[in-house]
Amino acid sequence: DFFYIEMVMWFSLCSIVSIPTSFAAWTNMAKINFQRVTIVTGVLKFTFMMGCLFVWWMNWSLQEVFLFYVASFTTTSIVTFLLGWNYLRKAARHTSIYLKKIVGFGKYTLGTMLASSALSGSDTFIIMAFLGPEAVAMYNVPVRIMALYNIPLEALVQIGYPSLARTWNKSGKLAFLKEFEKGNGFTFLALLPMSILMFIFA
């Protein structure tokens, strides 16, 4: 089917232009620089959302959605290049010893990541196979609404992980549990208004 070939083409192109964006997110997350991670993610999501709104306004097809998806990653990658946040030059100067360490670490996580990605995307492929791309577009509407909730939740989790790890190493289990409970309470209170608004207006 030509649609599947076209989709593979678009996502292959996206996987190339998204490399600087991914490097910027990974390296700044490792440096616990969440302000930069937020900016990178915000530019990516904002440009794609504006593209989707423009496609809806012009009553265009799914082809243009793919185009804006690639364009959003391209724009974000250009921003990371201009700001010097992607550290691609350092990646190009890697040593064989460092590469072996990365491969040794990755062999334990690659299978889990592939299985998780396959399972998370299996519903989309099943719907597309039986009902077509229009049904996938309709199905993705509530999924994207839920993604609006997951973005701040994942951000809070990423911010909390380093602090919790530091507390565990320095103060032990009891202090860790106390800070963990405080974090859970703060997250619940922070996201409760958003959950209510999403339930009313979804």
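Thr-76 is buried, with a relative accessible area of 1%, where buried means under 20% relative accessible area, exposed over 50% and partly exposed in between (1.4 Å probe, protein chains only). That residue is a handy way into this predicted model, in which local features need pLDDT of at least 70, side-chain atom pairs count only at pLDDT 80 or more, and totals for chains, interfaces and linings use all residues. Residues are numbered from 1 along each chain as its sequence is written, and side-chain values use heavy atoms, with hydrogens and water left out.

**Overall architecture**

- The protein has 8 helices and 0 strands; helices (H or I, at least four residues) and strands (E, at least two) are DSSP runs, numbered from the N terminus.
- Read from the N terminus on, the order of elements is α-α-α-α-α-α-α-α.
- Of the 202 residues of the protein, 18% count as buried.
- Among contacts with a separation of 6 or more, 70% join residues 24 or more positions apart; a contact means heavy atoms within 4.5 Å.

**Around Thr-76**

- Thr-76 sits in helix 4, and its side chain reaches the backbone oxygen of Ser-72 at 2.8 Å.
- Setting aside neighbours within four places in sequence, Thr-76 is in contact with Thr-21, Val-40, Val-43, Leu-44 and Thr-47.

**The largest nonpolar core**

- In soluble globular proteins, nonpolar side chains tend to be buried together.
- Here, the largest nonpolar core has 11 residues: Met-7, Trp-10, Cys-14, Val-17, Leu-44, Phe-66, Val-70, Phe-73, Ile-127, Met-128 and Val-136.
- Three elements, helix 1 (2–17), helix 4 (62–83) and helix 6 (96–131), each supply at least two residues of this core, and the largest share, 4 residues, comes from helix 1.
- For the term itself, a nonpolar core is a set of buried Ala, Val, Leu, Ile, Met, Phe, Trp, Tyr and Cys residues joined through side-chain atoms within 4.5 Å.
- Not counting residues up to four places away in sequence, Met-7 touches Phe-66, Phe-125 and Met-128.

**Two loop residues**

- Ser-18 lies in the loop between helix 1 and helix 2 (19–30), and it is buried, with a relative accessible area of 10%.
- A polar atom of the Ser-18 side chain lies 2.9 Å from the backbone oxygen of Cys-14.
- Beyond residues up to four places away in sequence, Ser-18 touches Phe-73 and Ser-77.
- Asn-59 is in the loop between helix 3 (34–58) and helix 4, and it is exposed, with a relative accessible area of 68%.
- Most residues other than glycine have a negative phi.
- The phi of Asn-59, in contrast, is near 60°, a positive value in a residue other than glycine.

**The second largest pocket**

- About 340 Å³ of space lies in the second largest pocket; a volume is the space filled by probe spheres set on the grid points, which are joined across faces, edges and corners.
- Pockets are found on a 1 Å grid over the protein atoms alone: a pocket is an open set of points with protein on both sides within 12 Å along at least five of seven lines, the probe is 1.4 Å, and lining residues have an atom within 4 Å of a point.
- The lining has 14 residues, of which Leu-156, Val-157, Gly-160, Gly-183 and Thr-187 lie nearest the pocket's centre.
- Helix 7 (133–171) and helix 8 (173–201) are the elements that give two or more residues to this lining, and the largest share, 8 residues, comes from helix 7.
- By class, the lining has 8 nonpolar, 5 polar and 1 charged residues; Ala, Val, Leu, Ile, Met, Phe, Trp, Tyr, Cys and Pro count as nonpolar, Asp, Glu, Lys and Arg as charged, and the others, Gly among them, as polar.

- Phe-186 belongs to helix 8 and is exposed, with a relative accessible area of 52%.
- The C-alpha atoms of Phe-186 and Leu-156 are separated by 9.6 Å, with the two residues 30 apart along the chain.
- Pro-152 lies in helix 7 and is partly exposed, with a relative accessible area of 25%.
- Pro-152 and Leu-191 are 39 residues apart in sequence and 8.1 Å apart in space, C-alpha to C-alpha.
- Pro-152 touches Leu-191 and Met-194, not counting residues up to four places away in sequence.
- Ile-126, in helix 6, is partly exposed, with a relative accessible area of 49%.
- The C-alpha atoms of Ile-126 and Val-136, 10 residues apart along the chain, are separated by 9.3 Å.

Note on methods. Polar contact = N/O pair within 3.5 Å; in protein donor to acceptor, adjacent residues only side chain to side chain.
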